[in-house]
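Okay, everyone, let's get going. Have a look at the screen, and I'll walk you through a few spots.

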Amino acid sequence: MSRAGRRAVLPGAGYRLPQRLFVDERQCRVRFFPERGGEPVDIDLSVLPVARELRDWMALGVLGVTGPAGTRRTTTSALDTVNILKRFARYLTALSNPPTAPAQLRAVHLDGYMLTGATTLHRDISALRTILRFAPDPPSEFAARLAQARVAKSDTPTCSYTAAEFRRITTTARSELRAAAARIRAGRRLLADWRAGSIDRESDRLRWEIGDLLDHLQRHGDIPRYECGTPRALEVVRRAGGIGAVFAHLHLTHHEIGAAAVLLLCLTGQNYSTLAAATTAHHRPDAHAGGTPTAQLDLVKPRRGGRRAAMTVALRDVPAEPAEAREDLNTPFGVHALLLDLAAPARNRLKSDALFAFYNARNASGFGHGLPKQILQLWGKATDLVCDALDGEGRAVPLHIDSRRLRLTWLEINQRPVAHTETTLANEYLARNRGNLAEYQKIVADVLDQQVARARTAPPIPVLSAQDIEQARTDPEAVAARLGLDTATLQQLITGRLDTVLAGCTNPLASPYTPAGKPCGASFLLCLSCPCARATPAHLPVQVLTLDALKARQQEMTPLRWAERLAEPTARLTDLLSHYSPAAIADARTAATPADQALVDRFLSRGLDLT
């Protein structure tokens with residue numbers, strides 16, 4: 001078949017973009033058109049180490065799975081088909097009698113591949129099933145076995161990093177990105193000095209010649225070369241450290257993009273796929289007018305699918321705007337702002353809006369965008385990070401960088417959901433994490449003890465009994481004096497005119513949580529520890545419902561978050577209800593009305609908060 005290729009017509013009608021398959025004796029490639037637009041990409045299948053007939057048959061499967069009827073519609077997932085098929089092809093080639101045509105494939109070939117025990121088998125078998133269903137006329141025995149094949153995922157649970165490991169990862173990534181920023185800005189200053197004629201060619205010859213290279217690089221996207229590809233100023237390039245070092249004067253490198261990705265994962269807790277698809281599009285609500293710099297990004301969580309995949313995420317900086325604060329790279333905003341700046345030249349050269357753009361010698365253009373395959377693992381290997389624990393012989397163990405573990409560690413540390421509900425955080429993510437279970441349980445227990453002790457340090461709010469209410473009708477002065485009130489306030493309290501939610505407020509202008517003379521704007525949960533609060537039997541149904549709801553929140557929130565936010569009011573409310581008998585509490589729960597329940601729901605969902 002000619003190098004010009006042939007157009008492969010897929011079953012079904014209505015497809016919008018043409019897919020072309022180019023094959024000859026040496027080459028085999030599929031031209032892929034991304035679903036969201038962008039430049040087409042050639043998927044090179046010539047690297048598959050199998051006979052030509054079997055290679056071309058697999059290529060037809062790739063053509064289908066990356067086409068309008070297929071499921072791989074992003075560049076990353078389309079290119080990944082090569083790696084999946086390559087692993088299977090390598091196994092076939094290693095056999096004593098490897099198949100050379102599709103008709104020679106048998107169930108035993110798939111069974112043998114599954115027995116290799118490769119760590120990627122649980123994904124590869126599923127992907128092979130998806131890809132090869134588009135290949136024409138598959139052998140019936142092989143196709144039947146592939147349809148039934150299942151490989152269980154490893155039972156080894158994904159666990160978080162230790163606090164020390166996570167700190168080392170974050171510190172290393174931040175240090176490398178800060179060094180990259182210093183280098184690129186020094187390169188920009190060198191280029192500006194060269195263009196301004198501030199560098200003397202005779203006295204500072206190497207610096208002048210590097211400036212000349214940088215000028216050509218910025219204008220043309222490459223250093224000067226002969227037609228064969230050899231740099232023209234070869235000696236200067238060598239003295240500057242090589243081609244990569246020259247490009248690195250103005251561009252982020254492949255390794256530094258890994259550091260940026262790791263740092264954003266560590267600071268945001270977002271999914272890897274969400275950050276990989278991030279673009280430069282953002283909105284600044286602060287309008288660069290001072291205050292706390294904030295950038296709103298429109299991100300995508302592909303796993304959700306459809307309209308639910310889109311989400312808006314706010315990245316906030318420290319309260320000041322100076323460049324030094326952003327350069328600390330302690331906030332997601334700072335990393336985002338730095339990427340917008342440092343990756344801009346590569347982004348402009350590629351005519352791309354991808355947040356991640358960098359110098360890549362392997363690409364024909366010399367640049368790449370997005371997050372390359374296995375970038376986190378490659379970055380981790382290059383940094384020589386090690387685990388806290390040693391192996392059986394007392395040697396250091398390399399620390400593998402995994403986006404799922406980074407995300408899980410962030411969730412454990414911050415106890416806050418990211419692109420999911422709090423229930424999912426508690427029951428799905430943290431419930432599966434066994435990395436630091438004993439340490440986590442100790443932290444929760446310590447927080448619980450602190451919050452309960454804090455609740456017990458302040459006396460409970462005064463509670464009027466039924467006898468107090470009865471006595472107030474005949475001797476209000478005595479009851480008012482016992483409660484530290486005047487008779488008018490006592491009457492308003494008894495009649496419910498001072499009710500908040502859990503108690504009555506006898507002086508809203510004297511709140512300890514608000515400046516004197518101003519109406520109290522604190523949460524009604526704080527009434528349980530306020531000296532202005534007084535409780536009556538009329539508040540008992542709402543108090544009982546609130547205590548039940550606070551305890552129910554333990555199943556919906558992470559243990560640490562519940563302990564930090566709700567353990568103290570739960571302890572105070574428990575002490576308050578100890579004034580009543582179990583029968584009285586049961587009667588109050590029965591007597592509670594739908595209006596009481598609606599009030600509690602609105603109260604705990606912060607529907608009654610002023611801000």
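So, which residues does Ile-84 touch, not counting residues up to four places away in sequence? The list is Arg-72, Asp-124, Ala-127, Leu-128 and Ile-131, where touching is contact, meaning heavy atoms within 4.5 Å.

Before I go on: this is a predicted model, with local features needing pLDDT of at least 70, side-chain atom pairs counting only at pLDDT 80 or more, and totals for chains, interfaces and linings using all residues. Numbering runs from 1 along each chain as its sequence is written, and side-chain values use heavy atoms, with hydrogens and water left out.

Back to Ile-84, which sits in helix H2, residues 75-94. Helices here are DSSP runs of H or I, at least four residues, numbered from the N terminus. Ile-84 counts as buried because its relative accessibility is 2%; buried is under 20% relative accessible area and exposed is over 50%, with a 1.4 Å probe and protein chains only. Ile-131 is 47 residues away from Ile-84 in sequence, yet their C-alphas are 9.6 Å apart in space.

Next, helices H3 (107-114) and H4 (121-132). From H3, Leu-110, Tyr-113 and Met-114 meet Leu-121, Asp-124, Ile-125 and Leu-128 of H4. Asp-124 and Leu-128 are also on that Ile-84 list.

Last stop, helix H19, residues 466-474: its buried residues are Asp-468, Ile-469 and Ala-472. Over on the other side of H19, Ala-466, Gln-467, Arg-473 and Thr-474 are exposed. Helices H20 (476-483) and H21 (487-494) are among what covers the buried residues of H19.

Notes:
Helix = DSSP H or I, 4+ residues; strand = E, 2+ residues; numbered from the N terminus. Axes fitted to C-alpha atoms, helices over the stretch in contact; angles between N-to-C directions.
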